[in-house]
Amino acid sequence: MDKILQLVEDWGIFGLIAVSFTEASIFIIPPDVLLLPMSTNSPHLALWFGAVTIFSSILGALFGYWLGKKIGPPILKRMASDKMIARAEELYKKYGIMALVVVGITPIPFKVFAILGGILQVPLKLFLIGTIIGRIIRFLPLAAAIFFLGDQVKPYINEITSTGTGFFSILTIGFIIAAVIAARQRYKSRKRSLDG
């Protein structure tokens, strides 16, 4: 695994694209292992690296979805345990496409949700919306923290990779919910003032 990681590190941005794409469809190396060091080495490019990670991961998820739709359960059983598949299926049934949003803070690899989305024939449009939101929540806060805080983040990189991803994701989900609620309240008060 270390040799593979070193190889993709040597590829720079192309390694980041490859890891982000494959993590969302067929492989296990999380993009954070490249996104974080690349971003801390060049904080002014952190948002760009974050955007590349998000876009590549979305494309990888679509590929995983296609694999699930075309090949079905046999491919998923080769990549994940029955227990993990059952848990992912349970989350899909309980939360629908919101499962794709919450997956960033669960230990279940995203590829399981991507392939399972194809197997369960989740409508592609909904799958794409959930994936876009989920991947933004997963990677943008990390890139933004490095972009805005620069070297101040370096001492905390190990903590961010082990626990911080979930923390940042929870903060982002909270921020999005708060923004939606605030927008709704503004809309309702504006509508009342127009009606009155």
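I started with Arg-138, which forms a salt bridge with Asp-32; their closest N and O atoms are 2.8 Å apart. For me a salt bridge is a side-chain nitrogen of Lys or Arg within 4 Å of a carboxyl oxygen of Asp or Glu. Arg-138 sits in helix H9 and Asp-32 in helix H3 (residues 32-41), so I noted a link between distant parts of the chain, 106 residues apart. Helices are DSSP runs (H or I, at least four residues), numbered from the N terminus.

Before going on, a note on what I'm working with: this is a predicted model, where local features need pLDDT of at least 70, side-chain atom pairs count only at pLDDT 80 or more, and totals for chains, interfaces and linings use all residues. Residues are numbered from 1 along each chain as its sequence is written, and side-chain values use heavy atoms, with hydrogens and water left out.

Are Arg-138 and Asp-32 buried or exposed? Both are buried. The cut-offs I use are under 20% relative accessible area for buried, over 50% for exposed and partly exposed in between (1.4 Å probe, protein chains only).

Next entry: how many salt bridges does the structure hold? I found 5. In one of them the side chains of Glu-23 and Arg-135 meet, at 3.3 Å from N to O. Glu-23 belongs to helix H2 (residues 13-23) and Arg-135 to helix H9 (residues 124-149), so this pair ties together parts 112 residues apart in sequence. Glu-23 counts as buried because its relative accessibility is 8%. Arg-135 is buried too, at 2%.

Then I checked Lys-77 and Asp-82, whose side chains meet in a salt bridge at 3.7 Å, N to O. Here Lys-77 is exposed, with a relative accessible area of 53%, and Asp-82 is exposed at 54%.

On to the cores. By nonpolar core I mean a set of buried Ala, Val, Leu, Ile, Met, Phe, Trp, Tyr and Cys residues joined through side-chain atoms within 4.5 Å. The largest one has 23 residues, and Tyr-92, Phe-110, Phe-113 and Phe-127 have the most contacts inside it. Helices H4 (46-70), H5 (73-79), H6 (82-95), H7 (98-102) and H8 (110-119) each give it two or more residues. H8 supplies the largest share, 6 residues.

What does Tyr-92 touch? Leaving out residues up to four places away in sequence, I list Phe-113, Leu-116, Val-122 and Phe-127 among its contacts (heavy atoms within 4.5 Å). I also noted a second, separate core of 11 residues, including Val-19, Leu-35, Phe-49 and Val-52.
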